[in-house]
Each structure stands twice: as C-alpha cells, then as structure tokens.
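Here are my notes for a colleague who is new to this entry. Please read them with the model open.

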Amino acid sequence: MEFKEEFLQKLKSAGSVVFFTGAGISAESGIPTFRGNEGLWKKFRPEELANFDAFIRNPGLVWEWYQYRRKIVEEAQPNAGHFAIAEMENYFDNVSVITQNIDNLHARAGSTKIYELHGNIERNYCIDCKTYYTHEELESSGSAPECRLCGGLIRPDVVWFGEPLPQNIFSAAENVARNSDICFVVGTSAVVYPAAYIPGAAKSGGSYLVEINIEPTELSYRVDYSIIGKSGEILPQILEKVKKLKNR
Ligand code: OAD
C-alpha cells in the first residue's frame with residue numbers, strides 16, 4: 001500500500017508514538033467486537049451483564065458471561081497487528097499502547113508499556129477486601145467464586161458501565177498521548193468516553209493523528225490521516241516502512 005508522504009515524514013522524525021487501540025485490533029484474533037452487526041452488544045445487553053448492580057443481582061450470570069469471554073481470549077493468539085506494534089519498540093524512543101481491550105493480547109505479543117483503561121480479564125478481585133486473584137487461583141465452578149479471606153464475591157478486574165476508569169492510569173495515558181509525536185487510533189469506534197478523549201488529548205498536544213479502521217468512524221473527519229483497512233494487514237506494512245525510514 002502507498003502511504004501519504006506527509007505521514008512517512010512524520011514516521012521518520014517521530015520519537016514518541018502512541019497506539020490507542022480498541023476491539024478491532026483483536027478482531028483478526030477471533031475476538032468479537034462490541035458494535036456492528038456481529039458485535040457483542042447486538043447479542044447481549046450491557047445493562048444485564050456489564051455493570052455492578054447486575055453482578056449483585058445475579059453474580060452467577062455475570063461471572064458465567066466473563067468465563068465465556070475469558071475462554072475466547074485464552075484460546076486466541078495475538079495477530080500480526082499486535083506483533084507489529086510490539087516490534088515498533090525497536091525503532092522509536094518511546095512506544096506506548098493505550099488500550100480499551102481487556103484481552104491482554106498486547107502484552108502477550110510483547111508490548112512493554114501498556115495502559116489498560118478498562119482493566120484486564122485475567123485479573124479478579126474481591127469486592128469487599130479487594131484481594132486480587134489470578135484466574136488460576138480460582139476454582140472453575142459455574143457460579144461467582146468467593147474470597148478465601150473474607151467470603152466476599154470475586155469479580156473480574158474490568159471497568160463496568162457507570163464505573164470510573166482507574167484514574168492514575170487514565171491520567172498517565174492522557175499525558176503520554178499529549179506528549180506523543182504520532183498517535184495511531186486503531187480498531188475503535190471511539191464513542192465510549194472517557195477513553196475516547198485520548199485522541200483529542202494527543203491532538204491538543206500537537207500529535208499527528210492516524211486512524212486505522214476497516215470503515216470511517218466519527219473520528220475520521222478529525223484525524224490527519226485515515227487509513228481504511230484491517231489493522232493486521234496495515235500495521236505490518238507500516239512497520240516495514242519504519243524499518244526502512246529509520247535505517248535499522
Ligand atoms: P467497537 O466494537 O465499538 O468498535 C470496534 C471498531 O473496530 C469498529 O470501528 C470497527 O469498524 C473496527 N474494526 C473491526 N475489525 C477491524 C480490523 N480487522 N481492523 C481494524 N479495525 C477493525 O469497540 P471499541 O471501540 O473497542 O467498554 O469499544 C469501546 C468500548 O465499548 C469497549 O472497551 C467496551 C465497550 O462497551 C467496556 O466494556 C467498558
């Protein structure tokens with residue numbers, strides 16, 4: 001694919017790059033996105049599954065839904081898009097990943113600086129005493145497990161509707177976005193706030209905004225460069241350009 005010259009010049013001079021990612025980057029790993037015809041929110045109602053009241057009302061149902069999603073994630077592998085982002089660390093001074101995904105695939109692909117805005121499905125904690133549990137530490141029964149220390153219910157460490165984002169992580173992410181030279185917005189509909197403030201933060205700091213998506217989004221008219229295509233195909237091509245431009 002031919003990339004626009006202005007973008008190539010930015011790639012050449014950039015020291016600090018940010019990848020702000022959403023469900024679309026993991027779509028080619030077989031993990032369903034949220035919106036769109038095949039999206040999770042077409043089949044399941046978020047208000048019944050992804051909020052604290054629903055969990056208290058019916059812990060078993062919510063736990064079971066996360067078990068189902070955890071299984072999909074466990075069986076999935078990072079794709080060429082995740083790997084290309086991880087490899088970018090060899091060519092820029094600073095590479096940060098700010099992700100809305102809870103699937104841990106960026107870490108599994110080798111990225112080292114990751115800001116997880118919506119948590120991580122592999123972690124769990126007790127709602128009463130806040131003790132953390134990895135998934136292996138929990139018995140895999142159908143119902144929500146109970147804390148070994150206090151008997152409280154254990155929930156996945158993910159952000160549910162109506163809950164605040166981890167403030168320290170969000171602030172740090174906003175900061176790296178604002179200080180970046182290029183901010184890639186990859187595979188996100190960019191409609192869920194406050195996460196969707198990240199591209200604006202980058203732009204306000206003078207970063208060059210590049211969107212990679214299979215279709216135009218609400219953000220497309222505000223970015224410097226919109227690339228239409230699958231992230232698993234586009235990102236490796238960008239990596240190849242970077243290798244040449246950085247002469248390494
Ligand atoms: P969405 O499902 O809203 O959007 C996924 C985006 O990925 C869409 O814009 C697709 O066009 C695009 N896409 C799909 N396949 C792609 C591919 N192979 N390459 C590139 N782009 C592709 O998912 P998010 O924007 O991540 O929040 O959703 C944001 C938040 O809404 C999620 O983190 C979740 C959800 O409710 C919480 O659970 C708190």
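1. Where is the place of arginine 178? Arginine 178 belongs to helix H9, which covers residues 167–178. Keep in mind that this is a predicted model.

2. Next, its surroundings. Set aside the neighbours within four places in sequence, and arginine 178 is in contact with Ala201, Ala202, Ser204 and Gly205. Proline 199 sits 21 residues away from arginine 178 along the chain, yet their C-alpha atoms are separated by 8.7 Å.

3. Now a helix pair. Helix H1 (residues 5–13) packs with helix H11 (residues 231–245) at an angle of about 60°. Their axes are 9 Å apart. H1 and H11 are therefore oblique to each other. The crossing of H1 past H11 is right-handed.

4. Which residues make the contact? H1 supplies Phe7, Leu8, Leu11 and Lys12. H11 supplies Ile238, Lys241, Val242 and Leu245. Six residues of this contact are nonpolar and two are charged, with no polar ones.

5. Finally, the domains. The protein chain is divided into domain 1 (1–31 + 76–118 + 165–248) and domain 2 (40–75 + 120–158). The C-alpha centres of domain 1 and domain 2 are 29 Å apart. Contact between them involves ten residues of domain 1 and twelve residues of domain 2.

Definitions and conventions: Residues numbered from 1 in each chain as written. Predicted model: local features only at pLDDT ≥ 70, side-chain atom pairs only at ≥ 80, totals over all residues. Heavy atoms only, no water. Axes fitted to C-alpha atoms, helices over the stretch in contact; angles between N-to-C directions. Helix = DSSP H or I, 4+ residues; strand = E, 2+ residues; numbered from the N terminus. Parallel < 35°, antiparallel > 145°, perpendicular 65-115°, else oblique. Left-handed = near helix turned anticlockwise from the far one by under 90°. Contact = heavy atoms within 4.5 Å. Nonpolar A, V, L, I, M, F, W, Y, C, P; charged D, E, K, R; others polar. Domains from an automatic or database assignment.
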